[in-house]
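User: I would like a close look at a single part of this model, with the terms spelled out as you go.

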Amino acid sequence: MEDITVEELKERLDKNEKFAFLDVREEWEYEEDNLGALNIPLAQLPHSLEEIEKYKNEELVVHCRSGARSGNAKQFLETKGYTKVRNVLGGILAYRELEEE
């Protein structure tokens, strides 16, 4: 599935749209700043699949700091049968930059 831009993500969050949203940054990063997504650090993801099992056939938006870890998470989840994973391009850095415009 196609990745998602920060513009589209912001629009959806502003509308309070409900969707599966996952943050794969470390806990300390999440505590410093987050967008309200479920936090499962990338290294813990293989051991935490039961937490997101219900989203296997739904759109699942994944983000991190810059888009790299969430890209890896997307690839991993696709190997586990998740078919609608979307990586947030640019991550939370790009999202916060967009907010400042």
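User: Does Glu8 count as buried, partly exposed or exposed, and what is its relative accessibility?

Analyst: This is a predicted model, in which local features need pLDDT of at least 70 and side-chain atom pairs count only at pLDDT 80 or more, while totals for chains, interfaces and linings use all residues. Residues are numbered from 1 along each chain as its sequence is written, and side-chain values use heavy atoms, with hydrogens and water left out. Glu8 counts as partly exposed because its relative accessibility is 28%; buried means under 20% relative accessible area, exposed means over 50%, and partly exposed lies in between, with a 1.4 Å probe and protein chains only.

Glu8 forms a salt bridge with Arg86, their closest N and O atoms being 3.2 Å apart, where a salt bridge is a side-chain nitrogen of Lys or Arg within 4 Å of a carboxyl oxygen of Asp or Glu. This pair links distant parts of the chain, since Glu8 belongs to helix α1 and Arg86 to strand β4 (residues 85-87), 78 residues apart; helices (H or I, at least four residues) and strands (E, at least two) are DSSP runs numbered from the N terminus. Arg86, at 8% relative accessibility, counts as buried.

The pair is part of a network of salt bridges that links Glu8, Arg12, Glu17, Glu59 and Arg86. The structure holds twelve salt bridges.
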